[in-house]
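Me: I'm new to reading protein models. Could you walk me through this one with a few questions and answers?

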Amino acid sequence: MYQSFYGFTEMPFNITPDPKFLFLSPTHQEALQHLKFGVQEKKGFIVLVGEVGCGKTTLCRRFLNELDPAHFDTALILNPRVTETQMLKAILTELGESKLARSQVDLVAQINGVLLDRIAQGRDIVLIIDEAQNLHPDVLEQIRLLSNLETDKQKLLQIVLMGQPELKTVLSRTELRQLRQRILVHYELKPLTLGDVHAYIQHRLTLAGTSGRPTFTPWALRAIFRHSGGIPRLINHLCDKALLAAYVRDSDLVNYWDARRAIRDVRSLTT
């Protein structure tokens with residue numbers, strides 16, 4: 001509705017994790033650098049933690065896009081609610097293998113062979129597991145055992161665990177102490193500040209093709225910041241509804257009352 005009214009080439013506040021719209025706030029920039037450092041320096045285990053909607057998945061896709069496909073093979077696991085055997089099969093499938101072994105022991109041997117072959121070809125392999133807080137401890141232990149696969153000079157697999165803050169609780173379990181000792185790179189994404197929120201909104205408007213309209217008033221920005229807590233996904237929800245409210249008024253200015261209406265609408269969906 002408001003897309004054509006404001007002259008956007010695309011909707012500015014979709015909640016899909018499009019890396020094109022990634023806003024690199026200081027905390028997101030630092031998180032991205034941690035991921036790059038961990039993989040480039042072959043640190044083995046890397047953990048990225050952040051609240052729901054803080055942009056972990058979008059950041060992950062940006063990270064994957066920046067890996068040189070001529071040098072890196074990647075396996076991205078989005079559904080971690082699996083058994084050990086299912087996880088091993090998912091990793092092989094993500095690496096492009098079609099003929100899979102059946103038993104867990106044979107699958108590990110197959111993964112070892114595949115990784116050794118890729119390493120011999122001069123490639124590095126990165127395994128990324130999203131929503132890792134949902135991994136069963138037995139699956140996490142299997143992943144730790146995969147991290148044991150190595151040559152005399154390097155690990156065969158770089159592993160990135162991404163998850164909500166609950167992942168810290170999962171990893172603190174006594175039975176996972178060996179895994180904890182292998183985590184050499186750890187970063188926790190922080191919410192956006194008020195200044196970040198202003199820059200974030202303008203960033204998305206610009207990428208969507210704004211020609212200087214609409215604009216958000218300072219009071220609208222403060223209201224959106226307070227209610228969202230600086231979480232990008234919530235900011236998107238609120239801005240989308242606030243823009244609709246301004247459009248209904250036939251206005252180029254998104255004011256405090258548009259933001260308040262958006263907040264009421266979002267609250268009504270969550271209560």
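This is a predicted model: local features need pLDDT of at least 70, side-chain atom pairs count only at pLDDT 80 or more; totals for chains, interfaces and linings use all residues.

Me: How far apart are Q154 and K43 in space, C-alpha to C-alpha?
Reply: Along the sequence, 111 residues separate Q154 and K43. In space, the distance from C-alpha to C-alpha is 9.7 Å.

Me: Is Q154 buried, partly exposed or exposed?
Reply: The relative accessible area of Q154 is 21%. Buried means under 20% and exposed means over 50%, with partly exposed in between. Q154 therefore counts as partly exposed.

Me: And what about α6, which of its residues are buried?
Reply: Seven of the ten residues of α6 are buried, so this helix is largely enclosed by the rest of the structure. By name, the buried residues in α6 are P137, V139, L140, Q142, I143, R144 and L146.

Me: Are α4 and α5 roughly parallel or roughly antiparallel to each other?
Reply: Two packed helices are described by the angle between their axes and the distance between the axes. Here the axes of α4 (residues 84-94) and α5 (residues 104-120) come within 10 Å and cross at roughly 25°. Angles under 35 degrees count as roughly parallel. That is why α4 and α5 are roughly parallel.

Me: Is the crossing of α4 and α5 left-handed or right-handed?
Reply: This is a question about the two helices whose axes cross at roughly 25°. The crossing of α4 and α5 is left-handed.

Me: How many of the residues in the contact of α4 with α5 are nonpolar?
Reply: From α4, the residues involved are E84, T85, L88, K89, I91 and L92, and they meet Q104, L107, V108, Q110, I111 and V114 in α5. Of the residues in this contact, two are charged and three are polar, while the nonpolar ones number seven.

Me: Last one: what percentage of the protein's residues count as buried?
Reply: The protein has twelve helices and seven strands. Its C-alpha atoms fill a box of roughly 65 × 40 × 30 Å along the principal axes. Of its 271 residues, the buried share is 46%.

How values were computed: Residues are numbered from 1 along each chain as its sequence is written. Side-chain values use heavy atoms; hydrogens and water are left out. Axes are lines fitted to C-alpha atoms, for helices over the stretch in contact, and angles run from 0 to 180 degrees between N-to-C directions. Helices (H or I, at least four residues) and strands (E, at least two) are DSSP runs, numbered from the N terminus. Angles under 35 degrees count as roughly parallel, over 145 as roughly antiparallel, 65 to 115 as roughly perpendicular and the rest as oblique. A crossing is left-handed if the near helix is turned anticlockwise from the far one by less than a right angle, and right-handed if clockwise. Contact means heavy atoms within 4.5 Å. Ala, Val, Leu, Ile, Met, Phe, Trp, Tyr, Cys and Pro count as nonpolar, Asp, Glu, Lys and Arg as charged, and the others, Gly among them, as polar. Buried means under 20% relative accessible area, exposed over 50%, partly exposed in between (1.4 Å probe, protein chains only).
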